[in-house]
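Subject: Structure handover

Hello,

Here is the structure I promised to pass on. My notes follow below it; please read them with the model open.

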Amino acid sequence: MENFTYHNPVKIVFGKGMIAELPKLVPAAARVLLTYGGGSIKRNGVYDQVAAALKGRTLTEFGGIEANPSYETLMRAVEQARRDGCDFLLAVGGGSVIDGTKFIAAALPWTAGDPWRILSEQAPVPAAVPLGVVLTLPATGSEMNSTAVVSRLATHEKLFFSNEQVYPKFSILDPETTYSLPPRQVANGIVDTFVHVTEQYLTFPVGAPLQERQAEAILSTLVEAAPKVVATPRDYEVRANLMWCATHGLNGIIGLGVPQDWATHMIGHELTAFYGLDHGQTLAVILPGVLRAEAVSKQAMLVQYGRRVWGLTGSDPAALAEAAIAKTEAFFEAVGVPTHLSAYGVNAGEAAEKIRARLAERGQAFGEHADITPDRVAAIIRSRA
Ligand code: NZQ
Ligand code: ZN
């Protein structure tokens with residue numbers, strides 16, 4: 001196992017009715033900016049619960065943070081928050097609202113030029129305004145990590161930053177808030193969580209059986225829950241388990257001391273930047289391609305994954321690895337997220353070339369061995385036509 005340091009300061013407040021805990025979590029004297037997305041929270045009663053809990057507090061609002069939050073929109077929120085003197089941010093929504101709010105939190109006290117540098121140059125973030133979260137979509141794990149992904153519409157870029165200053169102070173996870181999710185977002189969330197796990201698990205063994213089994217536990221729980229959430233969408237237990245799986249997928253624990261891949265995510269972000277696919281959709285398309293391209297270097301873990309998560313039997317490692325990949329692909333299709341670019345109207349050859357050129361210009365290569373070069377990325381994308 002590799003060395004690691006771990007500190008996760010996010011207070012998790014989990015369960016039905018827990019939005020009522022907000023007055024204990026948000027400092028009494030805070031000037032709060034409540035951030036949200038396109039309005040789902042106003043239709044499903046979450047906004048009303050938050051407003052009731054924080055009645056009498058100093059509160060302003062910024063709505064309209066879009067899926068794949070844009071720098072352009074977020075900078076308007078920064079201006080508004082400065083004008084209103086806000087000193088606490090409360091993100092109410094999915095990963096996009098949370099990520100966008102993390103960027104607002106870092107940009108507010110920022111004095112070193114254009115805050116885009118936080119993303120484009122990974123410029124240090126010396127301070128951030130504190131933020132809290134009410135999660136409404138289990139997927140990204142953003143509620144318990146220090147990462148944010150932001151898009152710039154003008155240049156078709158989608159970049160991330162990670163900084164411990166933007167860990168939420170608390171995150172409220174009420175599974176009942178997820179009853180109103182459209183099936184497409186439920187499916188995206190399952191795929192996103194699944195792929196967060198595979199990015200930290202399907203690499204090569206380093207003698208970390210606990211982390212491996214923790215990863216397998218999340219994957220198996222997702223496989224079990226996926227058909228249930230479709231059959232009985234208002235089943236609290238299923239929603240609760242999906243929510244807790246998503247948080248565990250990317251709160252850092254399963255990735256401690258083990259190699260990590262992230263090629264699927266990095267390629268997926270480019271597909272969203274150029275073609276606007278949902279984050280989960282890009283992952284369903286790209287993961288099988290990455291696994292096949294790396295099937296030899298990942299063989300030991302693919303075989304273990306196939307046996308333990310999918311119950312595969314047999315003794316030929318190459319055949320087991322391919323069967324495990326095929327099972328993964330079939331799972332994403334069954335969940336309702338197509339795994340080929342043609343299903344989204346994207347020309348694979350064109351996408352391959354655009355993304356290859358951009359990655360070559362940036363000098364990027366991905367994967368746990370940093371050997372997925374721009375040319376190999378292009379081949380992976382073409383293989384997903
Ligand atoms: O905007 P509203 O009206 O709220 O509607 C949203 C949005 O249209 C809707 N929604 C959310 N909760 C709902 C709901 N609709 C009904 N009922 C509810 N309870 O769902 C749509 C999608 O929301 P979004 O926040 O975009 O989805 P998600 O949580 O999947 O977040 C995706 C973003 O997170 C980034 C992705 O790249 C993408 O930009 N990621 C962030 C990560 C992180 N911070 O660690 C890691 C991930 O790998 C990922 O890259
Ligand atoms: Zn993701």
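Start with β2. This strand is mostly covered, with four of its five residues buried. Bear in mind throughout that this is a predicted model.

β2 spans residues 31-35 and pairs with β4, residues 88-93. The two run parallel, and four bridges join them. Leu-34 has Leu-90 of β4 as its bridge partner. Leu-33 is bridged to Leu-89 in β4. On the β3 side, β2 is joined by five bridges, again in the parallel sense. There, Leu-33 stands opposite Thr-60.

Now the whole sheet. Six strands form an open sheet in the order β1-β8-β5-β4-β2-β3, and the pairing is parallel. β1 (11-14) and β3 (58-62) are at the edges with a single partner strand each, so each has one side without a neighbour in the sheet. On average, neighbouring strands are turned by 20° against each other, direction ignored. In a regular strand, side chains alternate between the two faces of the sheet.

Two helices to look at here. Helix α5, residues 95-107, lies across β2, β4 and β5 (131-135). Its direction runs at about 165° to β4. Helix α9, residues 236-249, also packs on the sheet. α9 touches β1, β5 and β8 (170-173), and its direction makes about 170° with that of β1.

There is also a hairpin. β6 (residues 147-152) and β7 (residues 157-162) run antiparallel and are joined by six bridges. Val-149 has Phe-160 in β7 as its bridge partner. Four residues lie between the two strands of the hairpin, and His-156 takes a positive phi near 55°.

Next, the metal. Which protein residues are donors of the zinc ion (ligand 2)? They are Asp-192 (OD), His-196 (NE2), His-265 (NE2) and His-279 (NE2). Along the chain their spacing reads D-x3-H-x68-H-x13-H. Distant parts of the chain are linked here: Asp-192 sits in helix α7 (residues 183-201) and His-279 in helix α11 (residues 279-293), 87 residues apart. Are Asp-192 and His-279 buried or exposed? Both are buried.

α7 gives the most, with six residues.

Why does Glu-270 count as buried? Its relative accessibility is 4%, and buried means under 20%. Which residues is Glu-270 in contact with, leaving aside its neighbours within four places in sequence? They are Ile-355, Arg-358, Leu-359 and Arg-362.

Best wishes

Methods
Residues are numbered from 1 along each chain as its sequence is written. Chains are lettered from A and ligands numbered from 1 in the order in which they are written. This is a predicted model: local features need pLDDT of at least 70, side-chain atom pairs count only at pLDDT 80 or more; totals for chains, interfaces and linings use all residues. Side-chain values use heavy atoms; hydrogens and water are left out. Two strands pair if DSSP finds at least two bridges between them. Axes are lines fitted to C-alpha atoms, for helices over the stretch in contact, and angles run from 0 to 180 degrees between N-to-C directions. Contact means heavy atoms within 4.5 Å. Donors are N, O and S atoms within 2.8 Å of the metal (3.2 Å for Na, K and Ca); water is not among the atoms, so sites may look incomplete. Buried means under 20% relative accessible area, exposed over 50%, partly exposed in between (1.4 Å probe, protein chains only).
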